[in-house]
Amino acid sequence: MAKISLKEWYLQKHHMHSEPIDYIQRTFEQYARLGYPPYQWVNNPGEPPFVPLGKALRDARVGLVASGGIYRLGQVAFHYKDDCSFRLIPTTVKLNELRVTHFAYDLTDARADPNVVFPLETLRDLAELSRIGELSPHAYTFMGGIYSSRKVKEILAPAIADRLVKDRVDVVILVPV
Amino acid sequence: MSSAYSITRSVNTPRAVYLDFPLGHTAGKPGDKALQRKVMIDTLSALDTIQVPGTIRTLPYRWATTDAWKDKVMRPDSEKKKHADDRVERSTDPQYQFEGDRQAAELNLADNGCTDCIWLEPQDLGKQ
């Protein structure tokens, strides 16, 4: 039996969860401790653009985009200095050909099982079961630790979006880390 | 999919699901296929059923029996290790998981270029 605090017991008993980690706040505190100015996070006020799916999931072609620094054996890996490149990964790839490098998170579990940051097998299984129509032939991966949000907005994101439109996906699953 | 609620809130995506797990586990736990599948089914369901733009739906899975792991994230204790990493000068050298990956990539580049690598910035266009 796990030892838990009274607060934990109360939360669990009432099916409540503790607060999400506020990464914006923690980053602010960390930067302050290190003497850096605060990081300027992307903030998009107002209502985001929204298009209803418009078809059943079992008829949908699903795209996958992930930012965990995933590449395939034979490809050039990402570097850690605002790398705005991306990789095409065939969605039929063997999982043991996938590699992960990144500076901003603990890679242990992603390397043991890439599905935790690149849920490819998960989606392949669901396509098998007709929960989705099909997986798009290529997934796109990039190195998410890019400090310049301008570069992402103006260079990287439009390039990936362009590919996704050409791939004629109905919906895209974005997996950040 | 997200494991950083306040960041996703600030970006204000059309739709999102939030999984209260440590960074590096946005889609689930390693080796736990059943949980990975549940998370993905919930994600797809959200795609289907979210009506209000900007909705972030919290998924009902816990990382551990207690939330003690949250106390250490990006806090001074763990920082010693992280700060040590930061002292390594960031360069534009590709960072490979295995040394064999570097050799495979260089062979590939020499042969017919990396066709699945897309570089977008002017300084990188020679790499292909």
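**Notes on the A/B model**

1. Start with A:Ala66: setting aside neighbours within four places in sequence, A:Ala66 is in contact (C-beta atoms, placed from the backbone, within 7 Å) with A:Val117, A:Phe118, A:Ala139, A:Thr141 and A:Val175. Keep in mind that this is a predicted model, where local features need pLDDT of at least 70, side-chain atom pairs count only at pLDDT 80 or more, and totals for chains, interfaces and linings use all residues. Residues are numbered from 1 along each chain as its sequence is written, with chains lettered from A and ligands numbered from 1 in the order in which they are written.

2. A:Ala66 also turns up in the largest nonpolar core, which has 49 residues; A:Val62, A:Leu64, A:Ala66, A:Val117 and A:Leu123 touch the most other members. Such a core is a set of buried Ala, Val, Leu, Ile, Met, Phe, Trp, Tyr and Cys residues joined through C-beta atoms within 7 Å, and buried means 20 or more other C-beta atoms within 10 Å of a residue's own.

3. Now the contact between the chains: chain A puts in 69 residues and chain B 61. On the chain A side, H2(A) gives the most, with six residues.

4. S3(A) pairs with strand S3 (residues 117-118) of chain B, antiparallel, over two bridges (pairing needs at least two DSSP bridges; strands are DSSP E runs of at least two residues, helices H or I runs of at least four, numbered from the N terminus). In S3(B), B:Ile118 is the bridge partner of A:Phe86.

5. After H2(A) comes A:Gly35, with a positive phi near 80 degrees.

Note on methods
A residue is buried if 20 or more other C-beta atoms lie within 10 Å of its own, exposed if 12 or fewer, and partly exposed in between; C-beta atoms are placed from the backbone. Two residues are in contact if their C-beta atoms, placed from the backbone, lie within 7 Å.
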